[in-house]
Amino acid sequence: MKFRPTSTNETDTDTQMTSMIDVVFLLLIFFMLTLRIVPSEGDFNINMPREAPQQSSADLQLPLKVRLLANPDGTLQEVLFGRNELGQDDDAFLKLNQEVGGMADRVGTELADELEVEIDADYGLHYQYVIRAVSACTGTIDPKTGQVIRYVEKIKFAPPRQPNG
């Protein structure tokens, strides 16, 4: 059995989606443009505690300066570590070793790589004194164990000063 529609006056109605989409986009744009962005609440500036004061390379005035003064005949006149006079004999190099070792102990392991010595020797100084100064600054040998204890890895030389005259 077939069913037939009773009324033949029905018309197909299509909804217009284009205008609906236009209205939705216009409303979206309207709300986006009228939106007020509120700043975030609360104070986010965090005051962190200051770090513990450490002895930095600026406090040490790196590089550590070693000045070797020469007599006119090329022998050692004076050994200076910073502004400290250490003498002119074998004890001067022992004192230099102790001073550099004391600096290395004060600096500790954090800044040990930054520790640097600058040797400024007079032009006519015999080379053996420069080598002794380098040895005194580099480190020492532990008498108990016989192991080498390193103080400084970086040693540089100041430009040589030409003699006057």
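## Sheet

Two strands count as paired here if DSSP finds at least two bridges between them. On that basis, this predicted model holds an open sheet of five strands in the order β3-β2-β1-β4-β7. The pairing is mixed. β3 (84-87) and β7 stand at the edges. Each has a single partner strand, so one side of each lacks a neighbour in the sheet. From one strand to the next, the twist averages 25 degrees.

## Chain overview

The chain has four helices and seven strands. Along the sequence they follow the pattern α-α-β-β-β-α-β-α-β-β-β. The chain has 165 residues, and 26% of them count as buried. Take the contacts between residues at least 6 apart in sequence: 59% of these join residues at least 24 apart.

Strand β4 spans residues 116-121. It is mostly covered, with five of its six residues buried. In the sheet order, β4 stands between β1 and β7.

Strand β1 (residues 64-70) pairs with β4 in the parallel sense, over five bridges. L68 stands opposite A121 of β4. Strand β7 (residues 154-157) also runs parallel to β4, joined by four bridges. Two residue pairs can be named on this side. E116 stands opposite K154 in β7. E118 has K156 of β7 as its bridge partner.

## Residue D120

D120 lies in strand β4. Is D120 buried or exposed? Its relative accessibility is 11%. The cut-off for buried is under 20%, so D120 counts as buried.

Which residues does D120 contact, leaving aside its neighbours within four places in sequence? They are V66, R67, L68, A158, P159 and R161. Among them, L68 is the residue that stands opposite A121 in β4.

## Helices on the sheet

Helix α3 lies across β1, β2 (76-81) and β3. It runs at about 10 degrees to β2. Helix α4 also packs on the sheet, where it touches β1, β2, β4 and β7. The direction of α4 makes about 155 degrees with that of β7.

## The α3-α4 pair

Two packed helices are described by the angle between their axes and the distance between the axes. Here the helices are α3 (residues 90-107) and α4 (residues 127-138). Their axes come within 8 Å and cross at roughly 30 degrees. Angles under 35 degrees count as roughly parallel, so α3 is roughly parallel to α4. The crossing of α3 past α4 is right-handed.

Which residues make the contact? From α3 come D90, F93, L96, N97 and V100. From α4 come Y129, R132, A133, S135, A136 and C137. By class, the contact of α3 with α4 has seven nonpolar, two polar and two charged residues.

## Summary

Another is β4, which pairs in parallel with β1 and runs parallel to β7.

Technical notes:
Residues numbered from 1 in each chain as written. Predicted model: local features only at pLDDT ≥ 70, side-chain atom pairs only at ≥ 80, totals over all residues. Heavy atoms only, no water. Axes fitted to C-alpha atoms, helices over the stretch in contact; angles between N-to-C directions. Helix = DSSP H or I, 4+ residues; strand = E, 2+ residues; numbered from the N terminus. Parallel < 35°, antiparallel > 145°, perpendicular 65-115°, else oblique. Left-handed = near helix turned anticlockwise from the far one by under 90°. Contact = heavy atoms within 4.5 Å. Nonpolar A, V, L, I, M, F, W, Y, C, P; charged D, E, K, R; others polar. Buried < 20%, exposed > 50% of the residue type's maximum accessible area, 1.4 Å probe, protein only.
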